[in-house]
Amino acid sequence: MDTAFSSFFESTQYGSRWNSFKNFNQISPVVQSHLKQVYLSLCCALVASATGVYLHLLWNIGGILTTFAMIGCMAWMLSTPLFEERKRVALLMAAALFEGASIGPLIDLAIQIDPSILITAFVGTGLAFACFSAAAMVARRREYLYLGGLLSSGLSMLLWLHFASSIFGGSTALFKFELYFGLLVFVGYIVVDTQDIIEKAHFGDLDYVKHALTLFTDFVAVFVRILIIMLKNANEKNEKKKKRRN
């Protein structure tokens with residue numbers, strides 16, 4: 001009787017949702033606690049990044065130097081032993097702060113054009129990140145890990161296209177392709193990295209600082225691309241309005 005009821009329940013429209021909840025329950029309490037640490041560290045990193053943006057708006061510090069400082073902090077953090085937890089967390093926050101300062105000029109441009117674009121881009125990125133990350137959690141284990149190879153190939157293609165356009169010059173169509181395809185790639189990385197973090201945690205890798213850094217880079221990459229797309233669309237609308245007036 002119980003088996004028949006379970007089979008009927010899973011065959012209904014709620015079956016897939018029920019299976020999703022069962023998949024989430026398969027995550028052990030240790031891994032769930034690890035994920036809480038990861039996402040808490042991610043939230044703190046986003047706050048540190050917002051602080052970096054604010055510092056750029058005050059003193060115009062964002063640029064190449066802050067980008068190199070961010071890369072240096074990331075490399076320093078990854079090379080620091082796991083038992084130096086406070087130092088690694090501090091380096092993560094420093095990397096996030098320098099990352100915020102590095103994208104500060106883009107944020108400043110968005111504020112000058114339309115501050116609502118910045119808010120919309122951040123909220124949209126947060127919702128997309130939450131949805132895709134949650135989808136990765138409730139999916140079956142290792143279901144999306146096979147996409148890692150495809151995403152790595154897509155990222156390599158983006159790097160080569162960017163390198164070629166910087167040397168030979170790029171067109172508007174190529175820029176749009178890099179923008180939208182890059183957004184697709186990094187949204188995919190949110191799913192793959194979330195499942196990869198869960199899988200590593202199941203096997204004893206509980207380095208929440210490193211995992212938070214991985215998700216932070218995904219979040220920033222998606223946010224920057226969404227913001228650029230929205231700024232580009234707003235700029236095109238303004239140009240059309242000017243042409244109509246003339």
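The legends below describe close-up views of a predicted model.

**Figure 1. Overview of the protein chain, with its 10 helices and 0 strands.** Local features are given where pLDDT is at least 70 and side-chain atom pairs where pLDDT is 80 or more, while totals for chains, interfaces and linings use all residues. Residues are numbered from 1 along each chain as its sequence is written, and side-chain values use heavy atoms, with hydrogens and water left out. Helices (H or I, at least four residues) and strands (E, at least two) are DSSP runs, numbered from the N terminus. From the N terminus on, the order of elements is α-α-α-α-α-α-α-α-α-α. The chain has 246 residues, of which 37% are buried (under 20% relative accessible area, with exposed meaning over 50% and partly exposed in between; 1.4 Å probe, protein chains only). Among contacts (heavy atoms within 4.5 Å) with a separation of 6 or more, 83% join residues 24 or more positions apart.

**Figure 2. Packing of helix H3 (residues 29–59) with helix H7 (residues 115–138).** Two packed helices are described by the angle between their axes and the distance between the axes. For H3 and H7 the angle is about 165 degrees and the axes are 14 Å apart. Axes are lines fitted to C-alpha atoms, for helices over the stretch in contact, and angles run from 0 to 180 degrees between N-to-C directions. H3 and H7 are therefore roughly antiparallel (angles over 145 degrees; under 35 is roughly parallel, 65 to 115 roughly perpendicular and the rest oblique). Their crossing is right-handed: a crossing has this hand if the near helix is turned clockwise from the far one by less than a right angle, and is left-handed if anticlockwise. On the H3 side, Leu35, Tyr39 and Leu42 meet Phe129, Ser133 and Met137 of H7. The residues of this contact comprise 5 nonpolar, 1 polar and no charged (Ala, Val, Leu, Ile, Met, Phe, Trp, Tyr, Cys and Pro count as nonpolar, Asp, Glu, Lys and Arg as charged, and the others, Gly among them, as polar).

**Figure 3. Packing of H3 with H9.** The angle here is about 135 degrees, and the axes of H3 and H9 lie 10 Å apart. That makes H3 oblique to H9. The crossing of H3 and H9 is right-handed. Val31, His34, Leu35 and Tyr39 of H3 meet Thr194, Ile197, Ile198, Ala201 and His202 of H9. By class, this contact has 6 nonpolar, 3 polar and no charged residues.

**Figure 4. The largest nonpolar core, with 55 residues.** A nonpolar core is a set of buried Ala, Val, Leu, Ile, Met, Phe, Trp, Tyr and Cys residues joined through side-chain atoms within 4.5 Å. Phe223 and Leu227 have the most contacts inside the core. The elements that give two or more residues to it include H3, H7, helix H9 (172–202) and helix H10 (208–245). H10 gives the most, with 17 residues. Not counting residues up to four places away in sequence, Phe223 touches Ile103, Ile107, Leu118, Ala121, Phe122 and Thr125.

**Figure 5. Ile226 in helix H10.** Ile226 counts as buried because its relative accessibility is 17%. Leaving aside neighbours within four places in sequence, Ile226 is in contact with Ala121, Thr125 and Leu183. Ile226 and Thr125 are 101 residues apart in sequence, yet 7.4 Å apart in space, C-alpha to C-alpha.

**Figure 6. Gly72 in helix H4.** At 37% relative accessibility, Gly72 counts as partly exposed. Gly72 and Ala94 are 22 residues apart in sequence and 10.0 Å apart in space, C-alpha to C-alpha.
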